[in-house]
Every structure is written in structure tokens, then in C-alpha cells.
Protein chains: 2
Amino acid sequence: MINRRLDYETAFREVQKETAKIITSGPALVREYVSYLTEVTGKMMRARALLACALDEQGTVSYDAVRFAAAVEVLHLATLVHDDIMDDADLRRGQVTLQKKAGKRTAVICGDFLLAAAIREVTAVQEQDRYKSFDFSKYVQNIALGELRQNINNRNFRLQPFRYLSIIDGKTAALFEASYHAGALAGATDERTQKLYRKLGRYTGIIFQLTDDCIDYENSTDSALKPVQSDFENGVVTLPLIHAFDCQPELVVKAERNELSKEEVFEAVKRHDGVGYTHRTAEKYYKLAQDAMQKIGMTKEQKTILGGLLEKAFVGLKG
Amino acid sequence: MINRRLDYETAFREVQKETAKIITSGPALVREYVSYLTEVTGKMMRARALLACALDEQGTVSYDAVRFAAAVEVLHLATLVHDDIMDDADLRRGQVTLQKKAGKRTAVICGDFLLAAAIREVTAVQEQDRYKSFDFSKYVQNIALGELRQNINNRNFRLQPFRYLSIIDGKTAALFEASYHAGALAGATDERTQKLYRKLGRYTGIIFQLTDDCIDYENSTDSALKPVQSDFENGVVTLPLIHAFDCQPELVVKAERNELSKEEVFEAVKRHDGVGYTHRTAEKYYKLAQDAMQKIGMTKEQKTILGGLLEKAFVGLKG
């Protein structure tokens, strides 16, 4: 097959098709377990970003970019499947999780299957030489490392802001960075620009994660479509709470003794404006991201898509 | 680095070093969790087989073969780590498992890390063109599929022999086939010979699995260094039991009603000589493997190593 060029919307539809093909590939028994995942893939933000980074002056991307975008989305799914095992989560975006539906055993294996499928998709790209510097397996390792660090810091109520930011940099931002990196390589920009794209990806990922952290303290279970258990109840310590603990250190000891209720936690975050603090932190990354965007000579279409994604990540914090 | 050539024993020591390097790579926190795995890697049979397949007339192998062998061993470890989660196993070869030691969460992530590390090792081989037909990620997918099928058949007391054999063909034999396949490619033999090597690998893997199945019904916990729970107690139905059920179908209904004790199962397998039946099945694969070996023009050294491995797989059944 030739590495044909597609416009952005056509390419995005191809990614959806390709992702569904990978997920439902293999024998019926895998299809049965993972095909429902196509319904929970959501907006495919990483794929959209990747394609946008790959756009040329004529507004087209190569089919290789489609493959990378599909790989990134399938890898994202694999991490979600394994995440749900670790969090013992019953729901994800309002849907019953695979680990709840089919059991932990099946979920472990299906995650492995998807992980291998994602990496396999990358090996199928045509212009191998062009992507020599793109080490996808390394990104997979870094994401695993990020999760491991998050896991180790479960119920660590003394976690400091800078440590927390470095954890989400690994965990969430690595997948965004991978997307922007692959897209930039597909777009054939120079090395300096590629670095800027990677930075933009990392910052956007960090902002998205900080948004997510705020939602946990802002909204009710219903509107967030998240599992009933809050981050705090799962032992996950995020920035709004870290700030509250910083302001009121005696709460740390209470939390360590299991004497802090969910209600007290929410109250403390509110009192010390943990959400506002998190928003201000996100703002710093927002400005860095804008700087990076300005330094990259983007086309209008790229600016619209990547800038829009950045806005969404940041403004989402307000409501 | 040049793709230097090494003799078999030097190459094997390099595999040990490379495997340890991969496992202990990355930040301290991964090292902490997985470094103990170097102690439980055992005899590295798959690596030995791979190197043997790659041997040339002069008794040397390329460094690429070393990389493949290390990748196969690390992948093997990754599957063990995830297997232990699924089996809820506390012990493996007399050592406390990672999932028991560090928890399921950590084990899921460390397995992912090792999986990515294994695939990454393969991408680092020098003679890329030579291994174009070797789809390592596809093998990873097949292994996952095999495990999924085994999992689905957990507590399926009506499993038929041919179905069981096709399951272990996927689960255990796929990794052996991958080893023999990569080795054959590194050895630069013609396509027909490569196919024979792959067959030899599959058969050897199946025989090893059948050995393992018998051990569960022959030995005490102590000598097998296996977890205290037997296959039957874990809902894993293997060939010795399948044969006993075939001979005495009324036991199936009893098992399905949870009315069959471990002792009754062992007694039934003994009465109907389930171990003997399994041994005779293994013998068929043993003969097919010998046929394949004869058709391959092997050097004396290759015959000694690969034949020795085959003998070990088969004779192990007797004691």
C-alpha cells in the first residue's frame, strides 16, 4: 500500500476505523471482551492531536500518521484496562469496566493483548527510517514507570507538589508527548520544532490531568461519569488535596491514622481553595504551552486544532 | 556496535548479562521490584534453544541472536508475573511471587514494563532486514490469546483433549516457537528449514507443558516447587484429568457441583492412568519432533543441545 495522503477529517475517520479493526481483530473470544471498548474510547484527543501535529501546508497527513494515531489510542485503552484492575474500578465513563465485567484475569490478558497490538501497529508503518528516533516501547515503559510511582505514593499524604507533578508528567503526559512526537516526525519538521511539539504535548497532558484532579473535588459522581469512589477514597493523593495538607499539616497525621473522612477532605480542599491552587499551577503550564505554540510555525488549521485542545484542557478547569 | 560472533557458551553468558541488564534497567523503584526475578529465571531453556538454532558450522552465533534470546526470556518473565496475578499464586519455584510480595497493582505494572522492555530489545537488533518475517508482537498477542482461552476454560470439566492441546499450543508452545523461529532466522537457513525449526519449537513446548501437567499429579508440593494449590484446585483442567473424566463421565457432573474433592481427583487420575495417557500423547509429539530434527541438517553441537532439550522435556515425564 502506498503511503497516501489524507485531509484531517478523512484521516480521523481512518483512525477510528483502524482502531476498531485492531480492537476487534483476532479470534471471536477477544472481540467479545474488547469490542465494547470502542464505545468507551471517547473523543480520541490523542489521535486528533497527533494528526494535527502531522498536518502539512496543504492540510494533509500521511497514512503512517493514521497508524501512529491508532497505535496511541489502542495503547491508551490498554493502560485504561490495566488501570481499572489496579483501581478495582467498576465504572469508566458510565460503562462497566472490563475487570468488573469479565474478571481481573481476563482484564490482565486483554490489556496485554492490546499493548502488543499497539506496538505491532507501530512496526507496520511504511517510512521506517523517518521514525527511527521514535522509541514507542520506551514510552510504554515510561508510562508503566509513572503508574508504578503513582502506586508507590498511594496513601502518601506527605507527597510534595513538585513530586506529584513529576509523577503525572510520567503517567499521563508521556502518552500525550508520544502523540505529539510521532505527529511531529510525520510532519517532517526540523529537530528544534520536534522538541517544541513534544513539550507542547507534555504540557497539554499535564493540564488535562490537573483538570481531572479538580473535577474530582468539584462535581458530583453523576456528572463526572467517574466511579463512585473518589480519588481520596482510593488513596490517590492529587494536587488540590496536597495543597490543603500543606496549609493544614495536622490533617496529614489524621489521614495517616485513617481518621479523616471524605467529607472532611472535601471541606479542607474547599477551605484552602485547593482547586484554585491547582488551577493556578495549570496556568503556568498553559503559558509554557502557548509559548511553545508560538515558537512553532504552525498552519492556521494546526493552530485551531492544537490551540483548541489546549483551551479545552485549561478552560475545562473552570467548569 | 558490530554484530560480532560468539561461541555458544559465551553467547549464553551474554544473554544472562543482557537479561539482568534489562530487568534491572530503569529507575531504582523498578529494580527494587523486579531484580529478584533474575534469581527465579531458572535454566533459560528458551534462550539456550534459540542460540542453538542460530549456531553456524563454525559453532558461532551473532550478537543479534543474544538480543533475541534476552527478549524471549524477559517476555517469559513478563508472562510469569501476570500469570501469578491471575492464579493468585503466592509461590513460584519456591520464591514468593511479585504479586504476593508487592501487591497485584505493582505486579500488573511491572509485567507491562517487562513486556515493553522485551519488545524494545527486539527493535534494537542490527540486521533488521534479516528478521522482517519475525513478528514478535504477534507472538506476544498469540500468547495472550492462549492464556485467554485457558482462562475461559477454567473449571470447564468437559474440555476435550484436542481443544486442550490447541490451548497449550497457543499458551506455552508459542513462546518456544518464537525462540526457535528467531534462532533459525539468525542462523540464516532456508525457508523450509525455518519452518521445520518452528515446528520443532512448538512440539518441544507442548511436550514441556504435558510434563508439567503430569508433575502436578505425580509429585508432592515440596519437590515440584510449585504453589501449594494444585491445578485442579485452581480450576485448571489438564490432560491427565481430562482423560480420567473421559473414562468416568459421572465425575464431571460431580465436579461441576463442587462435590469432587482433590483426593478423589487424584484417585481417579491414578485409576485411569491419566499420567500414562498424557505420556503417550507427549510421545506422539516427541516422534514428530525427532522427524523434524532429522530433516534439518543440524551440526553435531546443535543436535546435542536441541536433542538434549527434547529428551529432557520428554524423559522428565518418567521421573
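A:Asp56 forms a salt bridge with A:Arg5, and the closest N and O atoms of the pair are 3.3 Å apart. A:Asp56 sits in the loop between helix H4 (45-54) and strand S2 (60-62) of chain A, while A:Arg5 belongs to strand S1 (residues 5-7) of chain A, so the pair ties together parts that are 51 residues apart in sequence. The model described here is a predicted one. Side chains of opposite charge can pair when their charged atoms come close. Over all chains, a search of the whole structure finds 30 salt bridges.

Some pairing of this kind occurs between the chains: the rule finds two salt bridges across the interface of chain A and chain B. A:Arg120 forms a salt bridge with B:Asp135, with 2.9 Å between the closest N and O atoms. Across the interface of chain A and chain B there are also eight residue pairs in polar contact.

Which elements of chain A give two or more residues to the side that touches chain B? They are helix H2 (28-34), helix H5 (63-87), helix H7 (104-123) and helix H8 (136-152) of chain A. H7(A) provides the largest share of that side, 13 residues. By class, the side of chain A that touches chain B has 19 nonpolar, seven polar and nine charged residues.

The contact as a whole takes 35 residues from chain A and 35 residues from chain B. The size of an interface is often given as the accessible area lost when the parts come together. Chain A and chain B bury about 3400 Å² between them, and 69% of this is on carbon and sulfur atoms.

The last stop is a helix pair within chain B. Two packed helices are described by the angle between their axes and the distance between the axes. Helix H7 (residues 104-123) of chain B packs with helix H8 (residues 136-152) of chain B at an angle of about 150°, their axes being 10 Å apart. H7(B) and H8(B) are therefore roughly antiparallel to each other. From H7(B), B:Leu115, B:Ala118, B:Ile119 and B:Val122 meet B:Phe136, B:Ser137 and B:Val140 of H8(B). This contact of H7(B) with H8(B) has six nonpolar residues, one polar and no charged ones.

Conventions
Residues numbered from 1 in each chain as written. Chains lettered and ligands numbered in written order. Predicted model: local features only at pLDDT ≥ 70, side-chain atom pairs only at ≥ 80, totals over all residues. Heavy atoms only, no water. Contact = heavy atoms within 4.5 Å. Buried area = accessible area lost by both parts, 1.4 Å probe. Salt bridge = Lys/Arg side-chain N within 4 Å of Asp/Glu carboxyl O. Polar contact = N/O pair within 3.5 Å; in protein donor to acceptor, adjacent residues only side chain to side chain. Helix = DSSP H or I, 4+ residues; strand = E, 2+ residues; numbered from the N terminus. Nonpolar A, V, L, I, M, F, W, Y, C, P; charged D, E, K, R; others polar. Axes fitted to C-alpha atoms, helices over the stretch in contact; angles between N-to-C directions. Parallel < 35°, antiparallel > 145°, perpendicular 65-115°, else oblique.
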